Amino acid sequence: MATEEIRVRGTVQGVGFRPTVYRLAKACGLRGDVCNDGEGVLIRVCGDEGAVTDFVVRLQEECPPLAKINELIRTPYQGELNFHDFVISHSVSGVVRTEITPDAATCVECQREIFDPFSRFYRYPFTNCTHCGPRLSIIRAIPYDRCNTSMSAFVMCSECEKEYHDIENRRFHAQPVACHTCGPKAWLERADGKPVTASMFSMLDDVDAVCTLLQKGEIVAIKGIGGFHLACDATQEAAVEKLRQRKRRYDKPFALMARDITVIEKYCIVNDEERELLVSPAAPIVLLGKKTQETISFPIASTVAPGQNSLGFMLPYTPLHHLILKRMNRPIVLTSGNIADEPQCIDNDEAKAKLSHIADYFLLHNREIVNRVDDSVVRVTDHKIQIMRRARGYAPAPIKLPPGFDHVPPILAMGSELKNTFCLLRDNEAIPSQHLGDLENALAFNCYQDTLNLYLNLLQHKPEAIAFDSHPEYLSTKLGKELAAANQIQLQFIQHHHAHIAACMAENLIPLDSSPVLGIACDGLGYGADGKLWGGEFLLADYTQFQRLATFKPVAMIGGEQAIYQPWRNTYAHLLSANLWDDCQLNYYELEIIKFLQKQPINLINQLIEQSINTPLASSVGRLFDAVAGAIGICPEKCSYEGQAAIALEAIADIHTLNNPKETAVYPFQFTFSDNIYCIDSCSMWQLLLDDLQQQTPQQVIAAKFHLSLANVIVETVKHLRQQNLFKQVALTGGVFQNSILLQLVTQQLQNLGINILTHSLVPTNDGGLSLGQAIITAARLMKKY
């Protein structure tokens, strides 16, 4: 006979792991018990030695769909097990080392039940089981038991309790289990406060009524699993435009939800990888290539995604959404329920106060959302997943650390100012938070602080070091300094682009003791090691340090932050940097962009640049994209969100030109060496680009030529640097590499040179991945120190 204690760590709470253990232990004829505790799941078994081994093998092979075993340790049990059978014991509190499970989309079995008239879950909008449903969004404490969630307000009825205790039922120990009798309720309200009457529209119930309202062109605020959304019929131009004006979101694309993939395929091309993402438990928004809409009965409104060649689609991921869309044979807009850049509303009263001037109706429910969780956004490039926003379905699942980081001290990384996430490091894993937004918004910063406190308390995380961006004005940096001072914790300043590169290295499991990689970090901007603004960097880097080998020529950001939202400022700055402005007025005065620039206060701007007043120099590739976009007429005057012009430039790039690079005369860049660094200068590109405009070369062709030219100069720079530096791997990172055209062009050319390319797939390449890089650099420095 063997008596063992089996410790299991990983995603093992709230996913039906204990029921699986129970079922397999019974099948193997074992005695003992299983319980949740702070470290994960603890199993004690007694039985034939072969049966115990068979049990362990089957446990790993038959792991529940949402579970993930990171570690399984078998040790002899010291003592006696006084069990005559196998049982599930009560949870035990202790030091928290287990994981918090992401929310999961409705499983197939629950979908079937909510549409089965003979099921007691028929049309119940909060149906769930151990394979699906809310997790992170409702949790208050670990272990993940009902009493530690917002479901504690709902006492199970006898039927639910029976299923909860039935080992043969998939709701066995499913913490949020509920039904019509005992669970949360959904109801419909009018924004104007008047009563909703059944005579207003035909409906089965309040949830079904939402479909009718959407079909009538109304805007409905819907309380979901991690926050409120605003919905309207995506095929009704007037409804979409009404939503844009009321929400004050004038250009940024709206996310879409469709009943099933068949509906999505009417509007978009869906490959196998994208299909798999759409139906996965994470159920993210997937960016899909548009089809032409001439033959579609209900074309999507042009204002859904202006200036885009892709649409962001997701499938229903809660029973509530499935029920709303049952009768809807066309897509709906489902965008975050907030004003401008504020966080999503999560509370009923808050939503009614803030969204009543946007929504015509509210679909509310009485299950509290404890943790705000946005929808995740992903795309597939060259058959590889790119996460653009890591949130619902992915966060806060941990990321395994590379070899050499097995016993890292607890570390907190504060993240960036924009697209913020924070990250906790412990043992051999990193736990990035969900996307928290732009901290320059006061409400978003408050949400960031609340979520940070929640994670620290949930995971009982006591950091020995705090890492943050070296930019002194970032709110995350200031808060990190305050926390470090208040708790007497050492702090680490991390350079922005080094963090980007380290994050890419970490998620690709590059070992701690590896030789340096060449990191190419291209983005809007980041605070450089010299106190200047960087944004187009070639860094020879490992996890502890870096050497700046090359950069793009710094160009003035006229008006500072204004240059991010007014592309013409970048166009003029680049023309001035290339000493072409006088030539433009003499030889290119008929071009629209030159006419536009001549109307601006050029003399004043020149004085500001000469005196270095609010015109900081930045080596930003993001601003170079803006400059080219502005030059060829893409929203030169104003953008409503960062990156709008660059995204539109990518969207219009001519496919034929991109597919036939050898037939294309690309724009040249200059390559110089001064002050111990190579500098890439776009000045020679501008003359030929202006010539193309003068010859009325189509926008689409110029956009394609620019992408090809930029990719070529990046590759040529790598070739040059490789002659003088030893590196075998190149990491492509920073927000600019969200551009799938540039990413593919650079990747293919470098792979043809026999270079191994590292890209992002677990965290965003934009600033949403910075916190992981900050944390891993800090860990490496501390481990090297000791």
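Trainee: Where in the structure is the place of Asn579?
Mentor: This model is predicted: local features need pLDDT of at least 70, side-chain atom pairs count only at pLDDT 80 or more, and totals for chains, interfaces and linings use all residues. Residues are numbered from 1 along each chain as its sequence is written, and side-chain values use heavy atoms, without hydrogens and water. Helices (H or I, at least four residues) and strands (E, at least two) are DSSP runs numbered from the N terminus. Asn579 sits in the loop between helix H15 and helix H16 (581-587).

Trainee: Is Asn579 buried or exposed?
Mentor: Buried means under 20% relative accessible area, exposed means over 50%, and partly exposed lies in between (1.4 Å probe, protein chains only). Asn579 has 70% relative accessibility, so its class is exposed.

Trainee: What is phi of Asn579 near?
Mentor: Most residues other than glycine have a negative phi. Asn579 is a residue other than glycine with a positive phi, near 55°.

Trainee: Which loop holds Asn614?
Mentor: Asn614 also deserves a look, with a positive phi near 50° in a residue other than glycine. Its loop is the one between helix H18 (602-610) and strand S27.

Trainee: What is omega of the bond that joins Ala395 and Pro396?
Mentor: Most peptide bonds are trans. Pro396 lies in the loop between strand S16 (384-389) and strand S17. The bond from Ala395 to Pro396 is cis, with omega of about 5°.

Trainee: Which strands stand at the edges of the open sheet of six strands?
Mentor: Follow the order S17-S20-S19-S18-S21-S22, in which the pairing is mixed. Two strands pair if DSSP finds at least two bridges between them. Each edge strand has a single partner, so one of its sides is left without a neighbour in the sheet, and these strands are S17 (399-400) and S22 (490-494).

Trainee: Which residue in S22 is the bridge partner of Ile466?
Mentor: Strand S21 (residues 465-469) and S22 run parallel and are joined by five bridges. Ile466 has its bridge partner in S22, and that partner is Leu491.

Trainee: How many residues of S29 are buried?
Mentor: Look at both faces of S29: Ile677, Cys679 and Asp681 lie on one side, Tyr678 and Ile680 on the other, and all are buried. This strand is mostly covered, and the count of buried residues is five of five.

Trainee: Which strand and S29 pair in the antiparallel sense?
Mentor: Strands of a sheet pair through backbone hydrogen bonds, either parallel or antiparallel. Strand S25 (residues 546-552) and S29 pair in the parallel sense over three bridges, and Phe552 has Ile680 as its bridge partner. In another pairing, Thr672 has Cys679 in S29 as its partner. The antiparallel pairing of S29, over five bridges, is with strand S28.

Trainee: Which residue in the hairpin of S28 and S29 takes a positive phi?
Mentor: The hairpin has two residues between its strands. One of the hairpin's residues takes a positive phi near 55°, namely Asp675.

Trainee: Which residues lie nearest the centre of the largest cavity?
Mentor: On a 1 Å grid over the protein atoms alone, a cavity is a set of points where a 1.4 Å probe fits but cannot get out, and lining residues have an atom within 4 Å of a point. The lining of the largest cavity has 16 residues, and the elements that give two or more of them include helix H15 (567-577), strand S27 (617-620) and strand S29 (677-681). Nearest its centre are Lys553, Val555, His574, Ser620 and Leu624.

Trainee: Which helix gives the most to the lining of the second largest cavity?
Mentor: This cavity is lined by 16 residues, and those nearest its centre include Gly14, Arg18 and His173. With three residues in the lining, the helix that gives the most is H1.

Note on methods. 1 Å grid on protein atoms, 1.4 Å probe; cavity = no way out; pocket = protein on both sides within 12 Å on 5 of 7 lines; lining within 4 Å.
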